Every structure is written in C-alpha cells, then in structure tokens.
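Reader: I would like a close look at a single part of this protein. Please keep the explanation plain.

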Amino acid sequence: MKVLVFSSKDFEIPYLEYANNKKHKLFFIKEALSSKTAMKAVGYDAISIFSSDEACFVTIEKLRDFGVKYITLRSVGYDNVNIKTATKLKIRVANVPGYSPNAIAEHAVGLLLALNRKLIESNLRVKHFNFNLNNLIGFDLNAKTVGIIGTGKIGAVMIKIMNGFGCCVLGYDIEQNAELVANYNLRYTTLKELCALADVISIHVPLNTDTHQLINKELISEMKQGVILINTARGAVIKTEDVLEGLKNGKIGALGIDVYEKEKGVFFSDHSVNIPDDNLLIALNARPNVLITGHHAFLTDEALTNIAETTIYNLDCWEAGKETENELTKKENTA
C-alpha cells in the first residue's frame, strides 16, 4: 500500500519505518493535512495523520476525489476528523486507541510535582548558584484530595498513582469503574463536588461537544482556593481566558498543561525567533505558576513504539481486506 504520512516528526520516523519493515511504501512530509494540502495525497492509497491535522468535510471530500481510501491516525483522539463524512464517502478511518496510558498519566504527575515543589524555579536559582529557599514551599500530596475528571484508561493510571501517594481520590465520569472503587479507594462524585473538595484536579477526558470548554468561569468558581489544575487531555477542554482569570485572582494556584486551546500551528515547531502573536499564550507563559509542555506527554519510547505498530497494523488489516478493531468508521455505522 502506498501511504503518505502527514505531519511527520523526525523523532517518530524511525519507529514507523521499523514497524513497517518495508511492507508498505511510506512517504513522509512535514506539512499538516488541510483542505489546502490534501492534493499532496494524489496517487496514494492511504494517509496517516496526527492530532494536529485537519480532516474536515471539505478535506475528506478532496481525499475521496484524489483516490484515498484509508486514513490511519497516529493518535487516540479523532475530534479533528469528520467521521460521518468519511463513512458516507467510504473512506475507512482508524486510530490508536491506547498507545500508552502510563506515558500521559506519568507526565501529568510530573507536571503536578514540578508545580507543587516549584522545581523549575528552584533549578533556575541553582543554575545561578542561588541556593535561597524563600518562596519555594509546597505541600505533601499524602492525605490531600485529588479529583480526576475522566476515569478511562489514562485517568485510571492517574488514580492508581495518586492512591500510591496516599491521596484521597475523587472521580467524575459518565461511566463508573467498579474496579477502581474497590481497589484504589476511588469515590465517584458530581463535578461540582469534586471541584469544591479537590486540592488538585487532573483532566483526562476526550474532546467532544460535552467537554468543550468544560473548565470555565462557572466551574472554576466552584473550585477550592489555590487549586492546582493539570490538563494533559485536549486544550479546548478548558476555556483559556477563564483559567487565566482564575490564575490572576488566585482561585487557581498553579496550572500545568501539555495541551493548549490554540496550539494548532504553534506546537511541534520552533517559534523562538518569531514569537506567536497569541496574547493568551504569552500571558500564560509569563506566569511563574504555569508550566507548559508542548504536547510532549506521549513522548516515550514505549508510546512511540505502540503508535507505530498500531498504525502499521491498521494498514496491514486494510490491505488484507479485513476490518481492524480500531476502525472508527465501523463504530459510526453501528451507532
């Protein structure tokens, strides 16, 4: 199968090539998929895209016209793909449903620890041989209340880790996991109660119509004063303006994000010379109690291996005339 890989990153290409083992003809380009770049897929049987690519109605129509039959995502989330249009036009779409929940959850914990214990500021001081400890006070996580919004695969790992720290863990999800309740002392509650009680809130939900800007001014007002907020899910789950206001008035004591509402066209590229014209991002980045990593949580050897292997597996299935269990268009057909 001839495959065009959009938004290819230097760090992932060796993983994809190794997993492919010369079975398919892979061609890599750095450009992201959009309605303007879709024409690059002329002559290809399939394309592979990342979470920053755009497969909207118009783009998918163009891909169909250009002869593309398959889209394999190198991500869990697929909010950037119009699945209904793909289904209607008989373009099959599959994702990587669980490449490494540990990678994302562990990164969330890293953000939390760095913010709570002010590790970035401490290290910056030491780099200048300043060993003053003033204003570096954190708190023990043991016995603190941690709220986990979204208790799926990643949220479940986060719950296990926080339980290991000796935290009281609260959960919110549309579906409850009895195993987490039984084994890790998780207590499910309403979203408002979780916000009212939690010293730390970590977000692990997909982006959809129900979760878009879920963390907004109204919900922030329910939160404990000085709460630490962590988001390694999707940027648009939080309303950035409202979170920034919460940081300014002290309602949010610290913010750790691996994703950003307007990250498209910014993350994954070097903008150190031409700083993005984004006042919200600039304002967040300027605050000492905000820690931003650029969609970096998935970047582990294990996760990259799983992403590459599943991406190639999806292609293998389609070439063999079989459905892959990761197929999203199939799910849409049965909905």
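What supplies at least two residues of the lining of the second largest pocket?

Author: This is a predicted model, in which local features need pLDDT of at least 70 and side-chain atom pairs count only at pLDDT 80 or more, while totals for chains, interfaces and linings use all residues. Residues are numbered from 1 along each chain as its sequence is written, and side-chain values use heavy atoms, without hydrogens and water.

H4, H5, S11 and strand S12 (290-292) each supply at least two lining residues; helices (H or I, at least four residues) and strands (E, at least two) are DSSP runs, numbered from the N terminus. The biggest share comes from H5, with 5 residues. A pocket here is an open set of points on a 1 Å grid over the protein atoms alone, reached by a 1.4 Å probe, with protein on both sides within 12 Å along at least five of seven lines, and lining residues have an atom within 4 Å of a point.

The second largest pocket holds about 410 Å³ of space. Its lining has 22 residues, and Leu115, Lys118, Glu121, Pro288 and Asn289 lie nearest the centre. By class there are 12 nonpolar, 6 polar and 4 charged residues.

Lys118 leads on to isoleucine 137, which is in contact (heavy atoms within 4.5 Å) with Asn116 and Lys118, leaving aside neighbours within four places in sequence. Isoleucine 137 sits in the loop between helix H5 (119-127) and strand S6 (145-149). Arginine 117 is 20 residues away from isoleucine 137 in sequence, yet the two C-alpha atoms are 6.7 Å apart. Isoleucine 137 counts as exposed because its relative accessibility is 70%, where exposed means over 50%, buried under 20% and partly exposed in between.

H4 also takes part elsewhere. The largest pocket has about 1,300 Å³ of space, and helix H4 (101-116), helix H6 (153-164) and helix H13 (328-334) each give two or more residues to its lining.

How values were computed:
Buried means under 20% relative accessible area, exposed over 50%, partly exposed in between (1.4 Å probe, protein chains only). Grid points are joined across faces, edges and corners, and a volume is the space filled by probe spheres set on the points. Ala, Val, Leu, Ile, Met, Phe, Trp, Tyr, Cys and Pro count as nonpolar, Asp, Glu, Lys and Arg as charged, and the others, Gly among them, as polar.
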